[in-house]
Amino acid sequence: MSPRDFRTRPDVSTQASQPRPQRVRKAVFPAAGLGTRFLPATKALPKEMLPLVDKPVIQYVIEEAVDSGIESIIIVTGRGKSAIEDHFDISFELESLLERRGKHDLLREVRTISDLINVSYVRQKEPLGLGHAILVARDLVGPEPFAVFLGDDIIHAPVPVMKQMIDVHARTGSSVIGVERVTRERSRDYGMVAVDEPGAGRTYRITDLVEKPPPEEAPSDLAIIGRYILTPEIFPHLERTGAGRGGEIQLTDGLRSLLKEQPITAYAFEGIRYDTGDKLGFLKATVEFALRRPDLGGPFRAYLEQLSLDGDAVRPVAKPDVAPRAARPARAARAGAAGRRAAPARRRRAG
């Protein structure tokens, strides 16, 4: 073998020594929040169960997890969240009723919900922040990388966003955080990241994270969105993280600590995000998801196009009043004839 041939051969020993990242099989869905931004609707109903067209918000997120190859999801719940468990459970009474009435399409849809994915539940006794919610799922996650979904962020994308991020994790082996560009004025509503120069495939190497900074202190315009892939090394860092803003354990603080030991990748995902934790964002999502529906899009678009949005009132645009005008002479003639027929009777009663 010539020296040139030897130089061009791959270093098999080096390649074999680098372990492949573990596959992301599990996901955590924190759902113990009180939903105060949607009171009074959320006084008795979990905000995760608010309907977006005809499915609860949480179902869109669970479907994204399934489409991304996640096998098991851990929902972190609190008091008053039993409706979430009921939604993903079998409903014998409802299924029996639909079967007796021959509503087989609805029956298939209901059964699909309970068969979507393996769901486990763990209780967060107090709403002590996102970091704490993830920490209470530690025993169910185990020593492997896992995904985190925040239910307020519903994302319409040709490829599920979590699938995009799992592909990034498979390349890098690092924790991955979904990010989106926002205006600096909105930085106070998000965790923000500082990054190096862009890497391959919409990725950035994170150098720092800041929780909800004022605009003048934001390190970039890249905001953290509710999709994460975390390595199991995050758990001891969350344990050591003290209560931060609002007396809560912030995930951002735990990630800053983790960053000192291992790299974290930011990924600018492809897709349209809707903040359904905000009333206006929820309304936008409802309209746009309805317009995408094959069964609703056409008639709903026609309805929206005929609305008059001038002034404070919202009402359908008035159509030309042709038929009523044509009918008026006939109504008058009929009324006159009826009066003439009634006149003799009145005269007879008078006599």
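Let's start with a helix pair: α12 (residues 279-292) packs against α13 (residues 297-305) at an angle of about 130°, and their axes are 7 Å apart. Axes here are lines fitted to C-alpha atoms over the stretch in contact, with angles running from 0 to 180 degrees between N-to-C directions. That angle makes α12 oblique to α13, oblique being what is left once under 35 degrees is called roughly parallel, over 145 roughly antiparallel and 65 to 115 roughly perpendicular. On the α12 side, the contact (heavy atoms within 4.5 Å) uses Val287, Ala290 and Leu291, while α13 brings Gly297, Phe300, Arg301 and Leu304.

Keep in mind that this is a predicted model, where local features need pLDDT of at least 70, side-chain atom pairs count only at pLDDT 80 or more, and totals for chains, interfaces and linings use all residues. Residues are numbered from 1 along each chain as its sequence is written, and side-chain values use heavy atoms, leaving out hydrogens and water.

Stepping back, the chain has 14 helices and 15 strands, taken as DSSP runs (H or I, at least four residues, for helices; E, at least two, for strands) numbered from the N terminus.

Now for the inside. The largest nonpolar core has 44 residues, and Phe29, Ile58, Ile70 and Phe149 have the most contacts inside it. Such a core is a set of buried Ala, Val, Leu, Ile, Met, Phe, Trp, Tyr and Cys residues joined through side-chain atoms within 4.5 Å, with buried meaning under 20% relative accessible area (1.4 Å probe, protein chains only). Helix α3 gives the largest share of this core, 6 residues. Apart from this core lies another, of 31 residues, including Ile177 and Leu255.

Note on methods:
Buried < 20%, exposed > 50% of the residue type's maximum accessible area, 1.4 Å probe, protein only.
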